[in-house]
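The following paragraphs examine how the chain is folded and packed. Please consult the sequence and the coordinates alongside the text.

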Amino acid sequence: MAASLEEGVAWCEATLGLTPDTGGQHAFMGTHNRLLRTSSPAFASSYLEIIAIDPQGQAPSNHRRWFDMDDPALQAQVRSQGPQLTHWVARANGIAQATDALRTLGHAAGTPQAASRQTPRGLLAWQIGLRPDGQRLLQGLLPTLIEWGDQHPAANLADKGVTLQQLQLLHPDADALQTALQALGLDGNPALQVAQASAPALVAHLHTPRGPVQLRSAL
């Protein structure tokens, strides 16, 4: 998340040495983004999303923006500390069933909603699990669920030599987080690691043309 998309692009260039690809606008959320492919054997069809509130867009009238982007404390943190890792999104084959599985465990992951945006290659469509309050679950360590349509955005992103090697999920209630990931079928990837910690943190380990780079959240 960045305070502005321009600041997010500058952060990406300074941190990773690369300019992210063009993204688009999410009119229904009042946000816009830029994307950087990070696909690897450990995380196929993955990408880093740099996202910010669109100053030319409109705030949703009947719900808050996704990923806690309307939270005043998070906004202040991003303004003072700069762009930072705040969340992750995981693909679900059968998002309705996956959302029900989380609800059974006491995690109100919201209702799957249809979403889309135009791209130069046509309409990019997906379903995403959203709560009306936009809240991330387990301090952002339990992923938002997404089910893609015919296109996946990573397929059309340039390979710039950045790969996601490992994603660490550190949380005081690591057992609850691990149980939720098992229910989603996300526990079989050795590069996705859950560990007990005194404070929550999301840590992404990237290989870049500059060498290893670690992105750590300030949740």
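Among contacts (heavy atoms within 4.5 Å) with a separation of 6 or more in the chain, 65% join residues 24 or more positions apart. The model is predicted: local features need pLDDT of at least 70, side-chain atom pairs count only at pLDDT 80 or more, and totals for chains, interfaces and linings use all residues. Residues are numbered from 1 along each chain as its sequence is written, and side-chain values use heavy atoms, without hydrogens and water.

The chain contains four helices and eleven strands, which are DSSP runs numbered from the N terminus (helices: H or I, at least four residues; strands: E, at least two). The radius of gyration, taken over C-alpha atoms, is compared with a globule rule of 2.2 Å times the number of residues to the power 0.38. For 219 residues a compact globule would have a value near 17 Å, so the 16 Å of the chain agrees. Along its principal axes, the C-alpha trace spans about 40 × 40 × 35 Å.

Of the 219 residues, 48% are buried, meaning under 20% relative accessible area with a 1.4 Å probe, protein chains only. A nonpolar core is a set of buried Ala, Val, Leu, Ile, Met, Phe, Trp, Tyr and Cys residues joined through side-chain atoms within 4.5 Å. The largest has 37 residues, of which Trp-88, Leu-167 and Leu-169 touch the most other members. Elements that each supply at least two residues of this core include helix H1 (5-16), strand E3 (47-53) and strand E8 (163-171). A second, separate core of 15 residues includes Ile-51, Val-78, Leu-124 and Trp-126.

Note on methods. Buried < 20%, exposed > 50% of the residue type's maximum accessible area, 1.4 Å probe, protein only.
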